[in-house]
Amino acid sequence: MTLAASQAPPAPPRAAAPPPRPGPARRAWRTVSPYAYLAPFFTLFAAFGLFPLLYTAFVSLYRVELQTPGDMEWRGLGNYTALLGDAYFWVALRNTFTIGVLSTVPQLVMALGLAHLLNYRMRGRTFLRTAVLLPYATSVAAATLVFAQLFGRDFGLVNYGLGLIGIDPVDWQNGTVASQIAVSTVVIWRWTGYNALIYLAGMQSIPDELYEAAAMDGASRWRQFFHVTLPGLRPTILFTVVVSTIGATQLFGEPLLLEGSISGGISHQYQTLGLYLYEQGWGFFHLGRAAAIAWVMFLLIVVLVGLNALIARRRSRKEAGR
Amino acid sequence: MTVTRAAKRTAARLGAVVLTGALLAACGSSTDGASGDGAGGEVTITVDLFGSFGYKEAGLYAEYEKLHPGVTIKQTDTEDEADYWKSLQTRLAGGGGLADVQGIEVGRIASVAKEQAERFEDLRKYGADALEEQFAPAKWAAATGGGGEVLGLGTDVGPEALCYRADLFKQAGLPTDREELAKKWATWDGYLELGKQYKAKAPGKHAWIDSVGSLYSIMIGQEKERYYDASGKLIWQDNPALRTAWDHSVEAARSGLSAKLDQWSPQWNQAFAAGSFATIPCPAWMLGYIKGQAGDAGKGKWDVAALPGGAGNWGGSYLAVPKAARHKKEAYELIKWLTAPEQQTRLFEKQGNFPSATGAIEKVAGAKDAYFSGAPIGKIFGDAAKAAPVQVLGVHDQNIAQQITNALSEVERKGTSPEEAWSNAKKGVENTLG
């Protein structure tokens, strides 16, 4: 086919006439076609994104049990108001926040440092860059199982190490702070490399000339990082903060698997909102209440992301005004 | 020059890719896609269980496959029953991903019989009515639905005893003879008293009992009415028997007798091999679990004695066939065979799961177990099974028990005051029942 096509005589050059006006059918297609090309995405989104979202909102207004899904009892906003008076919900909200901070902040700081190092010219750079992504490629189940062993109270490696330097064994499962640190460690381990690669990509879009100019002005590597890299990375950092915030709000797998309890420990000490949702829905089978929690989480994320955007816009406006 | 550099780069990339691949392969879940129902009448029966039913270990699957050429049995197993039940409920609600045979714990059978009868096969369809007199009446009645449907066949019951490490007892200067011990701990107070003596002399970090959770579970197993009364009313808050079990558990926790472990957790499993505790309340099915976790090294160190405070029952299970199963007829044939007296007898001798079939109970009366220092387990568990109360089963038994156990663990591990823990338990149960 290609051979035949390439052997075909070249078309005679056209006269420099104005291009023919497209027919009405073509014009209609031209206006419609973008929508048609986008349609598959939006169809799928409607089926697997929008519909569940709306259906969840619908379910959240009823009392529904998993074992008897046929009997739906209208509750109005009852499921939501019940959450306001639900001590476990507030505990979960607080845990989600503290674990979110404990995991996101060190994670992003370490990712920045790691990306800065990976940006140097050195041997095996590609290998190292791929290697930092390995924790992300590991399944959360496998990773947390290993960490659960490490953080064991009686036979864990971490406590063994602490013992060597004379610190009493820590009960990583039952202590409130200890358990949250353990959960955060897994999150940090899994996501630092991922964020580092994103930062690295951002760093590479910063023009070399800026560094050269800074070097010529006598700026050290450290100052270059602060005065060239960081400002250049601002949009990337904003992106990672938003993504990490969403991830932290939905945190579920790590706490569930690390200690193997859907109630987040004996006194809910590391129960996140995600876990609480799961406990209500699939531990106690109260689907209506679980749906209400899901919606509260959704709204929470919208608010958090909105706040982020607001702060970012105010900052960039300030910059522009400077 | 450029060529070698490019080659180096390629090699580095390749290395990275290979490393990633290896890691992914190592972490990937073992999904076995096809259930392999080929031609020629070949059937794969899937069995989904929790804890340790011990069929595979006792060689029963292998024998069934030999007796029925063309049948392959595939078993999946979740250690923690609470996890198992969650996932089973989700799959039942969705109607997909169900095995041909599903195990049901006795604490859940009321929920199956009262709320979910339409999701499981009525085994009368396959002639299960004929099996009724094989089983203890209470066992049979619990799995019977409102319309007389037979929703599951009983596998085992959980007569209770106390397993202990005779070697650790000896080191602490306690008597090791099971008869003598049974006398000394005729009551729970006697048992805790002995525990305090043990603690005073015990070598190293060996606790008296694995967890107060298991202590509570075994004590509540001695009661006829626990969370509900016979009319189905919630009574747990005012139930004096429950309160007694609670108080004893609190005392054990506050006297520091417990190794503070979570039952069914990895740490708990490790503690069997490490010998972190000297006694563990053991329903008959626990024997197989101890053997599995403590391994060959524990052989002859363990022993079994009668339970303080009289006979009781903890656990025991059923095998059921969900409506959405693929091979219902074959599944029924399998569970009928597995729960027949002969197989129940063999399962007890190999794994310790005590038979629920009436014919099998006499057959095992003389059984002894070499792993447990030759303890007459047939007699100990047989006596307990005969004397155990017929329990009132409620829909939310298991969930309520979980909340109470959690609260007790707070006393045990965080030093929470019993009053606060009790109110936490109340809050937890309210939250559960919603």
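# Chatting through a two-chain predicted model

Me: What does the UniProt annotation say about residues 93-308 of chain A?
Reply: The record, an unreviewed entry, labels residues 93-308 of chain A "domain: ABC transmembrane type-1". UniProt positions are given in the numbering used here, feature names are shortened, and annotations may be inferred rather than shown by experiment.

Me: OK, the interface. How many residues of chain A and chain B are in contact?
Reply: 37 residues of chain A are in contact with 43 of chain B, contact being heavy atoms within 4.5 Å. The area buried between the two chains is about 3,500 Å², with carbon and sulfur atoms giving 53%. Buried area is the accessible area (1.4 Å probe) that two parts lose on being put together, summed over both.

Me: Which three residues supply 20% of the area that chain A buries against chain B?
Reply: Gln67(A), Phe155(A) and Ile266(A), more than any other three residues.

Me: How many salt bridges does the rule find across that interface?
Reply: Zero between chain A and chain B. A salt bridge here is a side-chain nitrogen of Lys or Arg within 4 Å of a carboxyl oxygen of Asp or Glu. Over all chains, the structure holds 19 salt bridges.

Me: Where do Arg289(A) and Asp86(A) lie?
Reply: Arg289(A) is in helix H15 (residues 287-321) of chain A and Asp86(A) in the loop between helix H3 (78-84) and H4 of chain A, so the pair ties together parts 203 residues apart in sequence. Their side chains meet in a salt bridge (3.8 Å, N to O).

Me: Are those two buried or exposed?
Reply: Arg289(A) is buried, and so is Asp86(A). Buried means under 20% relative accessible area, exposed over 50%, partly exposed in between (1.4 Å probe, protein chains only).

Me: What about chain B: which residue meets Lys196(B) in a salt bridge?
Reply: Glu251(B), at 2.8 Å, N to O. Lys196(B) sits in helix H8 (residues 188-201) of chain B and Glu251(B) in helix H10 of chain B, so parts 55 residues apart in sequence are tied together. Lys196(B) is partly exposed at 31% relative accessibility, and Glu251(B) is partly exposed at 29%.

Me: Switching topic: what is phi of His268(A)?
Reply: Near 60°, a positive value in a residue other than glycine. His268(A) is in the loop between helix H13 (253-259) and H14 of chain A, and is buried at 7% relative accessible area.

Me: And Trp264(B), where is that?
Reply: Trp264(B) is in the loop between helix H10 (240-254) and helix H11 (266-274) of chain B. Trp264(B) has a positive phi of about 75° although it is not a glycine.

Terms used:
Residues numbered from 1 in each chain as written. Chains lettered and ligands numbered in written order. Predicted model: local features only at pLDDT ≥ 70, side-chain atom pairs only at ≥ 80, totals over all residues. Heavy atoms only, no water. Helix = DSSP H or I, 4+ residues; strand = E, 2+ residues; numbered from the N terminus.
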